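Thanks for making the time this morning.

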Amino acid sequence: MKKKVIVVGAGAIGMSIAYELTTRGAEVTVVERDPVFQSRKSSVRRSASAWAASGILPPANFDSATDPIDQLRGLSHRLFPKWASQLIDQTGIDCELERCGGWYLADTPGEIASMMGMVHYWQDLAIDCEPRSLEQLAAVQPSLKHWTERAANAKAWWVPDEYQIRTTRYLNALASACEANGATLIDDAKVVDVVEHHQAGTVNVVATRSGETVSWEGDQVVVCGGSWTGLVSPRLKLAQSIIPVRGQILLLNGGKRDLSSVVNFGNRYLVPRKDGLVLVGSCEEEVGLQHGTTPAVLHDLRKFVADICPALSHAVQVTAWSGLRPMTFDGFPMFGKLPDSQSIYVAAGHYRSGIHLSPGTAVCLADLMFDQQPPLEVQPFSVGKQQQHI
């Protein structure tokens, strides 16, 4: 008999877990609070934060990693080319995974010192990170020449193993693959409770949808609610487990692709797409569960663009949006079985790395759910330490 699993949340983590479970023969139902599936074939911006992510996949190396988070990142980084290939074969959707490399720039003593620490960190992991002169940067990326001439004391590093991916295409491909594998996708349904029946070995997910109360029963449930994870049900005792951190992103149309690689500058970045669109981000704001962009931040992002890449200063703004990143108190994502539960699992708190860590998280959690040995030590990501013991 097929294992029946209900996945709560259709962000990168939820959809990746649903996809991995369907490939292992599980009967999966995905329940999402926002209308993300209804708008898959339209230009409407989805509300779920992962659908609005920039899609930068920084370098990682599973073979040399010893820290748990580096191992998880390395595992995901290794899996992404395989997943992207599988998804295009199965659905015809190209996620536009591209090993475009990344430039890392710094022009103040503090930023340079921070980057030097990152360089040593990557060197310990046997990740290529090569210092480049500003002249070399300008030769490869002519649209940054104006900045290199002004920032005489700046430093630049080239990281060849940085990827980018089109997040909407990635999530659309996951959704299509899940459907092809027999999954049921339900959106615009706000989950209000998760009720476990220990004797029966089942669990119910209760939601409100179109003014009515609906429920689904499964053998197991995976709660992947992102910043809303703690509000899914008081029974989880996770109300204080996650801090939502808002980020705002600007989408510009540069007409043609002047930049060939991701440009990272502190916590800000330019992500050039093949079609001439450029993502500009981002910021970190603790404003609770409040979505929305602000004129001040968008102005700062436009100023950042004008300073570093004047060729884009007059680019047409296509749109702007925000996303809520789920941050845990110790910076570690949490995934695994809920303590004292037979059937409830949680996967959340991936902060700015939800897209990047999604394949690795999915494989590890699916292994746990199928009583198999994950490819890395998962205890550091356990759910219990995030709970309120009340």
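What you see is a predicted model, and the protein chain averages a pLDDT of 93, with 96% of the residues scoring at least 70; pLDDT is the predictor's confidence in each residue, from 0 to 100. Over residues 42–47, however, the pLDDT is below 50, although this stretch has 15 contacts in the model beyond near neighbours in sequence, a contact being heavy atoms within 4.5 Å. Where pLDDT is low, the predicted coordinates should not be read in detail.

A word on conventions. Residues are numbered from 1 along each chain as its sequence is written, and side-chain values use heavy atoms, with hydrogens and water left out. Since this is a predicted model, local features need pLDDT of at least 70 and side-chain atom pairs count only at pLDDT 80 or more, whereas totals for chains, interfaces and linings use all residues.

Let me turn to the core. By nonpolar core I mean a set of buried Ala, Val, Leu, Ile, Met, Phe, Trp, Tyr and Cys residues joined through side-chain atoms within 4.5 Å, where buried is under 20% relative accessible area, exposed over 50% and partly exposed in between, with a 1.4 Å probe and protein chains only. The largest such core has 53 residues, and Val7, Met15, Ile17, Leu21, Val30, Tyr170 and Val222 touch the most other members. Among the elements that give two or more residues to this core are strand E1 (4–8), helix H1 (12–23) and helix H8 (354–369), and H8 supplies the largest share, eight residues; helices (H or I, at least four residues) and strands (E, at least two) are DSSP runs, numbered from the N terminus. Leaving aside residues up to four places away in sequence, Val7 touches, among others, Leu21, Val30 and Val222.

Now the sheet: six strands form an open, mixed sheet in the order E8-E2-E1-E12-E19-E18, and two strands pair if DSSP finds at least two bridges between them. Strand E8 (184–186) and strand E18 (334–337) stand at the edges with a single partner strand each, so one side of each is left without a neighbour in the sheet. Strand E12 (residues 220–223) runs parallel to E19 and is joined to it by three bridges, with Val222 opposite Tyr345 in E19.

Finally, Ser282 lies in the loop between strand E16 (277–281) and helix H7 (295–308), yet Ser282 is buried, at a relative accessible area of 1%.
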